Amino acid sequence: MSGPLPSFSAPLRAQASEPLRRFLQVARGAGLRVSAAEGIDAARAVDLVGYDDRGVLKDTLGLVLAKTPEEKALYDEAFELYFQREALAGKAAADVDAAPARSPQGSASDAAEPTDGSGRASLSQLLENDDRATLASALESAARQVGIEKIRLFTQKNLYIRQILERMGLREVEAQTAALRASGGADDDDRAQRLSERLERLRDSARDYVERSMLLYGRAETEQLRSRMLKSSRLANIDPSQHERMRVLVRTMAKRIATRYAMKRRRRQRGQLDIRRTLRRNMGWGGVPFITAWKQRRIEKPRVMVLCDVSGSVAWVAQFLLMFIYALTEVLSDIRSFAYSGSLIEVSDILERKPIDAAVVQVMAEMGFGSSNYGNSLADFENGWMEQVTNKTTLIILGDARGNDNDPRTEIMDRLAQRAKRIIWLNPEPRSAWGTGDSDMYRYLPYCSLARVCSTLNDLERVITDLLDRAH
Amino acid sequence: MPSSQKSTPSRPIESIESVFAGLGIAGYIASRQIATAIYIAHHLQKPILVEGPAGVGKTELAKSVASWLELPLIRMQCYEGLDESKALYEWKYGKQLLYTQILREKVGSVIGDADDLATAIGKLHAFGDIFFSKSFLEPRPLLRALEQPEGAVLLIDEIDKSDQEFEAFLLELLSDYQVSIPEIGSITAVVKPIVLLTSNSTRDLGDALKRRCLHLHIGFPDEKLEARIIASRVPGIDARLLAQLVSFVQQLRSLDLKKQPSVSESIDWARVLVLLHASVLEEQVVRDTLNVLLKFESDIDAARAHITHLTQRAQQAVVVED
């Protein structure tokens, strides 16, 4: 290593070695964003440390490829998966790499028929001899020939299994089995039986292989599909088992919004030259303006009070709204949150003290899932916190406005609307259901500056973007 | 292109083992991951972004690398509002002002007998434009790091505290080891410095920055490593006490605390215990000194309930032989 480094002569190593190249693909499949430049870095780093020490190799690639704690976890998983599989393939892979070399022209002439007669005969022979090692390597090579690394979706699984088996010579074996059966001899029947049993086993291992590859290469795509689905389905309908995934989604969405608005706020701060201050500051140099001072506009971060209905079906939406709001602390200031069903309490404390996921769970446990009384809750709010609502406060009320036929106390809404900068009402019910049954939505509506249907993550994102857009 | 530059500091980094040993001499007990990071960073000439909880030795790592390689450590503490005039360079306004005054007085003698404006301007042009030249430049940490003849260790501390603009401004430095000064042009590093950035993840850093760096995450060390670290920092400590103390701290970290005790805290605690002439961990001593480990009242309250139990378990800890 003492010699001159191939620094910046990246193209030299641009074609990363085969195992690394495949691993990069696996890493991308696992959801890591590996840019071309990082790929080159990885190749150079691996050049430096070699493949011998698995631990060092893992550390090295981790340094180059995974850049957040989440990515580190994904990376670890992908690394283990990949190299565990490599170990399984082990010697087989070495054989297979040699195999195509035997008949380099073979692929040019064929489509379904690989290499030559010996190839076809070998599958049934292999099956008869029960030569598992060779079968495994044949499977691996067939898989590579049909382009297994392009697998993305679960629905493609059977297609690939079929293709791999056909590439290995499935039809011949089937024909042979049929022929043996037809001949009618007891001996032949036995052989046919044995063949089809082993073929079944081969099919199983092909399925295994495809599933593992699916895990390796197709994860990102599947994730994306699932995320898209989750973002647009009603929060109330989402299975609790998906909630962890939802939290991750909320966090990434919030992060995106936060960066966008943080930049916006700063851009607006750029003002004009403040002549008075500039002159004063440069008095020492006879007024020659070496140091300039600029007029600045103070942009207020929106102050937010969130009132969340935590009863029944609304609770799940509340959970995600709170999560969203608290993930946005960078661009919001002075967040106060309240939970209500029959009555109303402030929950800011809990939400600030604990990590948001745990806090939301606690709030729900303390208050959630009762039957709601809007009039009562509004009265509670007026008694306790009306004073703190100013003309800078945005009030977000989340609820279905179904007060179980209690007095809606719209006069309190009126007073709130007069004090607050604006009131945003988020209703998880579709618009067609507003005002039906015990819904007081239309009674509250006149006092709201904005009322939105809010039942999916996408809705939530839109509402919050609105909130920030109009804050300035 | 930059092949003419030297990239080897005064001591070569030959292997991961040599990084281990070197940092060990400098008093930093590194994990394999850390040593690998320094080794790779040096050979790929890439900055390292070091993340992890406060007090696990992120800043210490930079100091130790510098002292091991006998390079100057140039440290830049980031904060909100930090801009290039504080990080990179500033013009020496006072000197420039003097220069203009001198110029005003001498301008007559320079122009002298010129008859018309064109000749006068021509004569003025003949003088080099030194107004915006290096002699009026006040180098700040980043520029200084590039100008070190022997190379340097540049520590950009708590990059997450700076603004996004500043982060973008750093990109040129991090990828090409050069900076651009509009009036002068770009200045390239004499010897590429070893750059370490630290972050406590108070905000997420941009992808562009991350892409240019190796990413090293330093977490809390495991029991064995922590014992070695403390032993190297608090030489006089009793082996039994050390084992018990480490076991206690490790258990404490598994509690639900606002701020978990970090390595720096356990070192402090070890010092306190040595000062108190403790040779074994006793419940009363733990109770009295818990505020060294935990910094929040609520955490101390939360931990108090478990002290008896934790101490008992810690007392069973066996001395780790190295």
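Mentor: Of the 472 residues in chain A, 46% count as buried, where buried means under 20% relative accessible area, exposed over 50% and partly exposed in between, with a 1.4 Å probe and protein chains only. Please keep in mind that this is a predicted model, in which local features need pLDDT of at least 70, side-chain atom pairs count only at pLDDT 80 or more, and totals for chains, interfaces and linings use all residues; side-chain values use heavy atoms, leaving out hydrogens and water. Residues are numbered from 1 along each chain as its sequence is written, while chains are lettered from A and ligands numbered from 1 in the order in which they are written.

Chain A has 20 helices and six strands; these are DSSP runs numbered from the N terminus, helices being H or I with at least four residues and strands E with at least two. For chain B, the tally is 15 helices and nine strands, and 47% of its 322 residues are buried.

Now for the place where the chains meet. Chain A brings 31 residues to the contact and chain B brings 32, contact meaning heavy atoms within 4.5 Å. About 3000 Å² is buried between them, 63% of it from carbon and sulfur atoms; this is the accessible area (1.4 Å probe) that two parts lose on being put together, summed over both. Three salt bridges link chain A and chain B, each a side-chain nitrogen of Lys or Arg within 4 Å of a carboxyl oxygen of Asp or Glu. One salt bridge joins Arg33(A) to Asp207(B), at 3.1 Å from N to O. On the chain A side, helices H2 (36-49), H3 (54-65) and H12 (243-269) each supply at least two of the residues that touch chain B. H3(A) gives the largest share, with seven residues.

Finally, let's zoom in on one helix of chain B. H8(B) covers residues 164-176, and its 13 residues should span 18 Å at 1.5 Å a residue, which agrees with the 19 Å between its end C-alpha atoms; the expected span is 1.5 Å times one less than the number of residues. H8(B) has a kink of about 30 degrees centred on Leu170(B), the bend being the angle between axes fitted to the seven residues ending there and the seven starting there. Leu170(B) is also among the buried residues of H8(B), which include Phe166(B) and Glu167(B). After H8(B) comes Tyr177(B), with a positive phi near 55 degrees.
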